[in-house]
Amino acid sequence: MSSQAKVKKDKEIIAEYETQVKEIRNQLVEQFRCLEQQSESRLQLLQDLQEFFRRKAELQLEYSRGLDKLAERYSAKIRTSREHQHLKKDQNLMSTVNCWYLVLEQTRRESRDHATLSDIYNNNVIVRLAHVGEDVIRLFKKSKDIGVQMHEELVKVTNELYTVMKTYHMYHTESLSAENKLKEAEKQEEKHIGKANDISSALLRYGHDERPQRRSSVKKMEKLKEKRQNKYYENKLKCTKARNDYLLNLAATNALVAKYYIHDVSDMIDDTK
């Protein structure tokens, strides 16, 4: 692969990484939005339940009062009847008055039961639902705070990874450039030495000796090659160090992202259930 192709590939990798990081951030925002919607939905459900039991308590109390009034009305009516007077003379007599008393007593018990239900709904069920609503709000805030910390940590490590990745690709590009310059210097040296040898051979045949000039020219090429070689080794060392840093950060980031999506998100969802 040519150096230009490698540089192009590096740019494509960086662009792809930027796209993936942007996607992760969008997912984090979407997760918060879903978590908030879930909490709002549960709060609305709890509020609806409270309203339902509040209305049911009113109906139970209204029904209780209606039964009590009904029983009282017919009790007063029976007390003025002839059968009631006969019942006083003979308590053991089975009569319609006795049946009425049984029905009215049952009605009063039903009235008390419905009043008790109304009291339970108002003072127990509705209060408990209010406490559950407070728990939902508290758990949502706690989960959100934990989620914010996790998101900040994710953003931090992805930014660090992006920085070391760009550093690595920068040194990699410089290393490729230094390598190309070194190869070019080696080619020029070989070409220059070959040309100088040909000229020296020709001059020697004609009795001329320009070896000092040839040695000076070759020496310049050797210095140029040495300079570029040192530059190449320097860039290669920086590139290797940057690559190691990049791989370490990549492993740490992958581990954190995997932990977040496999464990942390599930824990946050479980906490809000």
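Me: What makes the largest nonpolar core a core, and which residues belong to it?

Reply: The largest nonpolar core has 10 residues: Ile 14, Tyr 17, Val 21, Leu 161, Val 164, Met 165, Tyr 168, Cys 239, Ala 242 and Tyr 246. The set is called a core because a nonpolar core is made of buried Ala, Val, Leu, Ile, Met, Phe, Trp, Tyr and Cys residues joined through side-chain atoms within 4.5 Å. Here, buried means under 20% relative accessible area, while exposed means over 50% and partly exposed lies in between (1.4 Å probe, protein chains only). This is a predicted model, in which local features need pLDDT of at least 70 and side-chain atom pairs count only at pLDDT 80 or more, whereas totals for chains, interfaces and linings use all residues. Residues are numbered from 1 along each chain as its sequence is written, and side-chain values use heavy atoms, with hydrogens and water left out.

Me: Which residues does Leu 161 touch?

Reply: Leaving aside residues up to four places away in sequence, Leu 161 touches Tyr 17, Tyr 246, Asn 249, Leu 250 and Thr 253. A contact means heavy atoms within 4.5 Å.

Me: How many helices and strands does the protein chain have, and in what order do the elements run?

Reply: The protein chain has four helices and zero strands, and its elements run α-α-α-α from the N terminus on. Helices (H or I, at least four residues) and strands (E, at least two) are DSSP runs, numbered from the N terminus. Of contacts between residues at least 6 apart in sequence, 86% join residues at least 24 apart. Of the 273 residues, 25% count as buried.

Me: Why is Ser 111 called buried?

Reply: Ser 111 has 5% relative accessibility, which is under the 20% limit, and therefore counts as buried. This residue is found in helix H3. Not counting residues up to four places away in sequence, Ser 111 touches Ser 64, Leu 67 and Asp 68.

Me: Why is the pair of Glu 58 and Arg 55 called a salt bridge?

Reply: A salt bridge is a side-chain nitrogen of Lys or Arg within 4 Å of a carboxyl oxygen of Asp or Glu. The side chains of Glu 58 and Arg 55 meet at 3.1 Å, N to O, and so the pair qualifies. Both residues lie in helix H1, three residues apart, about one turn of the helix. Glu 58, at 42%, is partly exposed, and Arg 55, at 41%, is partly exposed as well. The structure holds seven salt bridges.

Me: Why is the aromatic pair of Phe 52 and Phe 53 called edge-to-face?

Reply: Rings of Phe, Tyr and Trp (its six-membered ring) pair if their centres lie within 6.5 Å; planes under 30 degrees apart count as stacked, over 60 as edge-to-face and the rest as tilted. The centres of Phe 52 and Phe 53 are 5.2 Å apart and the planes stand at 80 degrees, so the pair is edge-to-face. Phe 52 is partly exposed at 46%, whereas Phe 53 is buried at 18%. Ring pairs link Phe 52, Phe 53 and Tyr 121 into a cluster.

Me: Why is the pair of Tyr 232 and Tyr 233 called tilted?

Reply: The ring centres of Tyr 232 and Tyr 233 are 5.6 Å apart and their planes are at 50 degrees, so the pair is tilted. Tyr 232 counts as buried at 13%, and Tyr 233 is partly exposed at 48%. The count of aromatic pairs comes to five.
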